Amino acid sequence: MTSTTAFRLFTPALYPYTPCCRVGTANVLDLSLAEEPCAQSTLHVAVDATGRVCGVTKQGMRGIDPATTAAMLEVAQATAPRLVASLRKHLAAVAATSDGA
């Protein structure tokens with residue numbers, strides 16, 4: 001594939017992950033690069049467009065207690081469907097632009 005070659009991304013089974021981080025006593029979504037060192041631990045949650053959890057990984061040296069894990073999963077489940085919808089809308093707009101070229 002060359003730099004001028006394009007391909008279509010098939011997205012019906014798109015599972016973006018939502019990083020939920022523990023900073024102090026707060027759960028924070030998608031930290032910036034500058035904020036990441038402040039996170040005690042991060043839970044990466046893959047959620048489909050319907051809000052179903054499809055995968056979970058933990059990063060960081062600190063453990064996450066069950067109540068915090070449940071809260072992080074709830075936040076990811078509530079956020080992911082909007083993220084998937086926004087991503088699909090953007091990909092459709094890009095596809096429409098490249099189809100017309």
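The confidence that the predictor assigns to each residue is called pLDDT and runs from 0 to 100. The structure described here is a predicted model, in which local features need a pLDDT of at least 70 and side-chain atom pairs count only at pLDDT 80 or more, whereas totals for chains, interfaces and linings use all residues. Residues are numbered from 1 along each chain as its sequence is written, and side-chain values use heavy atoms, with hydrogens and water left out. The chain has a mean pLDDT of 79, and 82% of its residues reach 70 or more. Confidence in the chain is lowest in E1, with a mean of 81, and highest in E4, at 88. Where pLDDT is low, the predicted coordinates should not be read in detail.

The chain contains one helix and four strands, these elements being DSSP runs numbered from the N terminus, with H or I and at least four residues for helices and E and at least two residues for strands. Read from the N terminus, the elements follow the order β-β-β-β-α. The four strands form an open sheet in the order E2-E1-E3-E4, with antiparallel pairing, where two strands are said to pair if DSSP finds at least two bridges between them. Strand E2 (26–29) and strand E4 (53–59) are the edge strands, each of which pairs on one side only. On average, neighbouring strands of this sheet are turned by 25° against each other, direction ignored; for such angles, axes are lines fitted to C-alpha atoms, for helices over the stretch in contact, and the values run from 0 to 180 degrees between N-to-C directions.

The pairings can be followed across the sheet. E1 and E2 are joined in the antiparallel sense over four bridges, and Cys-21 stands opposite Val-28 in E2. In the hairpin of these two strands, E1 and E2, two residues lie between the strands, and Gly-24 takes a positive phi near 65°. Strand E1 (residues 17–23) also pairs with E3, again in the antiparallel sense, over six bridges, with Pro-19 opposite His-44 in E3. E3 and E4 likewise pair in the antiparallel sense over six bridges, and here His-44 stands opposite Thr-57 in E4. The hairpin of E3 and E4 has five residues between the strands, and in this hairpin Gly-51 takes a positive phi near 95°. A positive phi is also found at Asp-30, a residue other than glycine, with a value near 50°. Asp-30 belongs to the loop between E2 and E3 and counts as exposed because its relative accessible area is 58%; by definition, buried means under 20% relative accessible area, exposed means over 50%, and partly exposed lies in between, with a 1.4 Å probe and protein chains only.

Of the 101 residues in the chain, 24% are buried. The largest nonpolar core is made up of eight residues, namely Cys-20, Leu-43, Val-45, Val-47, Ile-64, Met-72, Ala-76 and Ala-80, a nonpolar core being a set of buried Ala, Val, Leu, Ile, Met, Phe, Trp, Tyr and Cys residues joined through side-chain atoms within 4.5 Å. E3 and helix H1 (66–99) each supply at least two residues of this core.

Ala-76, which is located in helix H1, is buried because its relative accessible area is 0%. Leaving aside neighbours within four places in sequence, Ala-76 is in contact with Thr-18, Cys-20, Val-45 and Val-47, where contact means heavy atoms within 4.5 Å. Although Ala-76 and Val-47 are 29 residues apart along the chain, their C-alpha atoms are separated by 7.2 Å. Ser-41, placed in strand E3 (residues 41–47), counts as buried because its relative accessibility is 3%. With residues up to four places away in sequence again not counted, the residues touched by Ser-41 include Cys-20, Arg-22, Gln-59 and Ile-64. Ser-41 and Arg-22 are 19 residues apart in sequence and 5.6 Å apart in space, taken from C-alpha to C-alpha.

For the chain as a whole, among contacts between residues at least 6 apart in sequence, 51% join residues at least 24 apart.
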